Amino acid sequence: MSTQDFTTTLVVDQTPREVFNAINNVRGWWSGQIEGPTHELNDEFSYRYKDFHYSKHKLIEVVPDKKIVWLITDSNLNSFTDKNEWNGTKISFEITEKDGKTYVRFTHWGLVPQIECFGACSNAWTGYITQSLRDLIVTGRGWPAQHA
C-alpha cells in the first residue's frame with residue numbers, strides 16, 4: 001500500500017549520531033525565527049517566517065541516532081485558505097545505517113496532495129532536507145536563508 005504523505009530521503013557518509021545532532025540543530029538548516037528547545041522529548045518550539053508561516057512543534061518521539069518525530073500542535077499558514085492545514089500533522093526523521101552510509105527518510109505525515117499547501121510546502125521541504133540539512137550534516141554549515 002502506497003502513501004501520499006510527502007517524503008524525501010538523503011544519504012550521507014556521516015554517522016547516525018552526526019545526522020541526529022544536525023537534525024536537532026533546527027536553527028542550522030531551517031530558515032525563520034525559531035524559539036524554544038529542539039532536542040529532547042517533550043520539547044516545544046515555534047517556527048515563524050515573516051507573516052507567511054507560523055507553526056508550533058512538540059517532540060513526541062526521540063530515539064537517539066534513530067528517529068525524531070514532531071507533532072504540529074498549532075499553525076497559521078497565511079498564504080492558504082485553510083491557515084491551519086498543518087495542525088495535527090507529524091514530521092518524522094528516520095535514520096538508518098547501511099554499508100557505511102547513513103540514510104534519512106523525512107516524512108511530513110498529513111502533507112498530502114489533497115491539501116492546498118502540498119505543492120509549495122513539499123517543494124520547500126525538499127530544499128531544506130536535501131540541500132540545507134544535507135550541507136549541515138556534511139560540511140557543518142547549512143544555508144537556511146537561501147531557501148526562504
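# Close-up views of a predicted model

View A. The Ser55 side chain forms a polar contact with the side chain of His53, at 2.9 Å. The model shown in these views is a predicted one. Ser55 belongs to strand 4, which spans residues 53–63. With a relative accessible area of 0%, Ser55 counts as buried, because the cut-off for that word is under 20%. Beyond residues up to four places away in sequence, Ser55 touches Trp30, Phe45, Ser46, Tyr47, Ile72, Asp74, Ser75 and Trp86.

**View B. Strand 3 beside strand 4.** Here you can follow strand 3 (residues 44–49) as it pairs with strand 4 in the antiparallel sense, over 6 bridges.

View C. Stepping back, you will find 7 strands in an open sheet, arranged in the order 1-7-6-5-4-3-2 with antiparallel pairing. The edges are held by strand 1 (6–12) and strand 2 (33–35); each has a single partner strand, so one of its sides has no neighbour in the sheet. From one strand to the next, the twist averages 20°. As a reminder for tracing side chains, those of a regular strand alternate between the two faces of the sheet.

**View D. Strand 6 and the strands it pairs with.** Strand 5 (residues 67–77) and strand 6 (residues 90–98) run antiparallel and are joined by 5 bridges. Within this pairing, Val69 has Ser92 of strand 6 as its bridge partner. Strand 6 also runs antiparallel to strand 7 (residues 101–109), and 9 bridges join these two. The hairpin of strand 6 and strand 7 has 2 residues between the strands, and Asp99 adopts a positive phi near 50° there. On the strands themselves, Glu97 stands opposite Thr102 of strand 7.

View E. A polar atom of the Thr102 side chain lies 2.5 Å from the backbone oxygen of Gln14.

View F. Helix 1 (residues 16–24) lies across strand 1, strand 4, strand 5, strand 6 and strand 7, and runs at about 160° to strand 6. Helix 2 (residues 118–139) packs on the sheet as well, where it touches strand 1, strand 3, strand 5, strand 6 and strand 7. The direction of helix 2 makes about 15° with that of strand 1.

**View G. The largest nonpolar core.** This core has 35 residues, and those with the most contacts inside it are Trp29, Trp30, Trp70, Phe93, Trp125 and Leu133. Two or more residues come from each of strand 1, helix 1, strand 3, strand 5, strand 6, strand 7 and helix 2. Which element gives the most to this core? Helix 2 does, with 7 residues.

**View H. Around Trp30.** Neighbours within four places in sequence aside, Trp30 is in contact with Phe45, Tyr47, Ser55, His57, Trp70, Trp125, Tyr128 and Pro144. Ser55, from the opening view, is one of these, and Trp70 and Trp125 are named with Trp30 among the residues that have the most contacts inside the core.

Note on methods. Residues numbered from 1 in each chain as written. Predicted model: local features only at pLDDT ≥ 70, side-chain atom pairs only at ≥ 80, totals over all residues. Heavy atoms only, no water. Helix = DSSP H or I, 4+ residues; strand = E, 2+ residues; numbered from the N terminus. Buried < 20%, exposed > 50% of the residue type's maximum accessible area, 1.4 Å probe, protein only. Polar contact = N/O pair within 3.5 Å; in protein donor to acceptor, adjacent residues only side chain to side chain. Contact = heavy atoms within 4.5 Å. Pairing = 2+ DSSP bridges. Axes fitted to C-alpha atoms, helices over the stretch in contact; angles between N-to-C directions. Core = buried A, V, L, I, M, F, W, Y, C linked by side-chain atoms within 4.5 Å.
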